[in-house]
Amino acid sequence: MSNNESLQTARRRQKDIGQNQTSEKVESKGSEQASLNIVDESKPIEQADSKELLATLNPRWRNWWIRTIFTWLMIIAFLFILYLGPLALIILIQLIQIKCFHEIISIGHKKYQSLSLPWFRTLSWYFLLCSNYFFYGESISEYFQGLLTHEHILLQYLIQYHRLISYGLYCIGIMLFVNSLKKDFYKKQFALFGWTHITLLVIVTQSHLVIQTLFEGMIWFFLPVSLVICNDIWAYIFGFFFGKTPLIKLSPKKTWEGFIGGGVMTIVYSFVGVYIMCHFDYFTCPVEYNSESKTFLASCSPAPLYQLTKYPLPAFLHYPSQMFGFQEAVIWMYPMQIHAFFLALFSSLIAPFGGFFASGFKRAFKVKDFGDTIPGHGGLMDRFDCQLLMGTFTYVYHFTLIRAPNPGKILRQIMSLSPEQQLLLFKKLQEELTQSKMLGQ
């Protein structure tokens, strides 16, 4: 045999040996992997990590469970804060307001971050501070002015000149903004200035109105908030299981089935929820600040709005009621249940458009959510977009149809006057009551 043939034969043998070794390694790895798989399958399911269990689910069901878990956590936390009282709720509203403002402003900052525009975020927070000082200073002056003594001279001046100070602070903000203008970016800077002020209008104004309504009675705060929560939960459930017909292009996942189902369940909840709340002074009494206990209290005699009232049934229901054994064609219910029905209608038909508006806003700036604060839900603004419309409607509804002069509030305002002004008011009131024959001569 020649040398070339012997070399080729040796190379073939080495190649065959290498292939055999490689196949043996593959087989051994395969057997090891199989044994590992057997061990993993033999583990009890209870010992599996929750994340691994969620990861094995279909993405649709995984989102369902994450969303459900954190929905219940938020409801429990909200009920606990409700239990702590009005002051805790006011702090909660303020914190939510700040976080929602931060989420919206951050979108604008990210959009124009590459331009290195000066002072945008700083001025935005400054205007937020000014707005809160103006709105909440008004509330403080209304509820605490009569409690201030002569020792609180500084606070009295801050309340007396509150609006002037607020306007002065705002003028300082305008001056700082003008000084921050950068050549070739005027248009974008004024766009961001408008962005900030629209955000203030949407966030700060609405939260202020919510707090104003809260002082009229906890039911006027808790009921609207819970109506939106109820509508959102049931709309999601009906849409998840039965949704087939798209509702609006801005939100492809919203369906008519969810929209209608959520509305029906919200109306049912409004009647049942108000019936329960009307039994507790905590919900029905106006919130007053008690100077002795240094806290907010709610104790009073129930107003007619929260007392069972007899209503006659329509004529076409008289005969059916007699067939069922009712002697009188009447129904007993709380007047507040009628108002709750209209609040439920708004939360089901109009308030969702706050969410659609937010969806359009996010699409305009190509973001999925306002943030990632709440797993399965997004940012706080994603949860409170509908609450903003609902809070404003509740304030307007109460102010227009329910609100009456509060004697305690009027007395506080009178006590804040000077002694000469109080005496003059007393004489004028005495004259009017005498002329109307409500007082003797």
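User: Where does Asp184 lie?

Analyst: Asp184 is in the loop between α7 (162-179) and α8 (186-214). Helices here are DSSP runs (H or I, at least four residues), numbered from the N terminus. A note on the source: this is a predicted model, where local features need pLDDT of at least 70, side-chain atom pairs count only at pLDDT 80 or more, and totals for chains, interfaces and linings use all residues. Residues are numbered from 1 along each chain as its sequence is written, and side-chain values use heavy atoms, with hydrogens and water left out.

User: Why does Asp184 count as exposed?

Analyst: Its relative accessibility is 67%. The cut-offs are under 20% relative accessible area for buried, over 50% for exposed, and partly exposed in between (1.4 Å probe, protein chains only). Asp184, at 67%, therefore counts as exposed. Asp184 also has a positive phi of about 75°, although it is not a glycine.

User: What makes Leu181 partly exposed?

Analyst: Leu181 sits in the loop between α7 and α8. Its relative accessibility is 26%, so Leu181 counts as partly exposed. From C-alpha to C-alpha, Leu181 and Trp119 are 9.4 Å apart in space, and 62 residues apart in sequence.

User: Why is the contact between Arg67 and Asp232 called a salt bridge?

Analyst: The closest N and O atoms of Arg67 and Asp232 are 3.9 Å apart. The rule asks for a side-chain nitrogen of Lys or Arg within 4 Å of a carboxyl oxygen of Asp or Glu. The pair therefore forms a salt bridge. Arg67 is in helix α3 (residues 59-84) and Asp232 in helix α9 (residues 219-242), so the pair links distant parts of the chain, 165 residues apart.

User: Which of the two labels, buried or partly exposed, goes to Arg67, and which to Asp232?

Analyst: Arg67 has 14% relative accessibility, so Arg67 counts as buried. Asp232 has 23%, so Asp232 counts as partly exposed.

User: How do you know that Asp232 and Arg383 are in a salt bridge?

Analyst: Their side chains meet at 2.8 Å, N to O. Asp232 lies in helix α9 and Arg383 in helix α15, so this pair ties together parts that are 151 residues apart in sequence. Arg67, Asp232 and Arg383 are linked in a network of salt bridges. The structure holds four salt bridges.

User: What about Asp382 and Lys362?

Analyst: They meet in a salt bridge too, at 2.7 Å, N to O. Asp382 belongs to helix α15 and Lys362 to helix α14, so the pair ties together parts that are 20 residues apart in sequence. Asp382 and Lys362 are both buried.

User: Why are α14 and α15 called oblique?

Analyst: The axes of helix α14 (residues 352-364) and helix α15 (residues 380-402) cross at roughly 130° and come within 7 Å. Axes are lines fitted to C-alpha atoms, for helices over the stretch in contact, and angles run from 0 to 180 degrees between N-to-C directions. Under 35 degrees counts as roughly parallel, over 145 as roughly antiparallel, 65 to 115 as roughly perpendicular and the rest as oblique. α14 and α15 are therefore oblique to each other.

User: What makes α3 and α9 roughly antiparallel?

Analyst: α3 and α9 pack at an angle of about 165°, with their axes 13 Å apart. That is why α3 and α9 count as roughly antiparallel to each other.

User: And why are α4 and α15 roughly perpendicular?

Analyst: Helix α4 (residues 86-111) and α15 pack at an angle of about 110°, with axes 9 Å apart. They are therefore roughly perpendicular to each other.

User: What makes Tyr395 partly exposed?

Analyst: Tyr395 is in helix α15. Its relative accessible area is 22%, so Tyr395 is partly exposed.

User: Which helix gives the most to the nonpolar patch?

Analyst: Helix α10 (residues 256-277) does, with eight residues. The patch covers about 1100 Å², and Trp256, Phe280 and Trp332 are among its members. Patches are made of residues with over 30% relative accessible area and no salt bridge: like charges are joined within 9 Å, nonpolar side chains (Val, Leu, Ile, Met, Phe, Trp, Tyr) within 5 Å. Accessible areas come from the Shrake-Rupley method with a 1.4 Å probe, and for residues only the protein chains shown count as cover.

User: Why is Ile276 called partly exposed?

Analyst: Ile276, found in helix α10, has 47% relative accessibility, so Ile276 counts as partly exposed.

Terms used: Helices (H or I, at least four residues) and strands (E, at least two) are DSSP runs, numbered from the N terminus.
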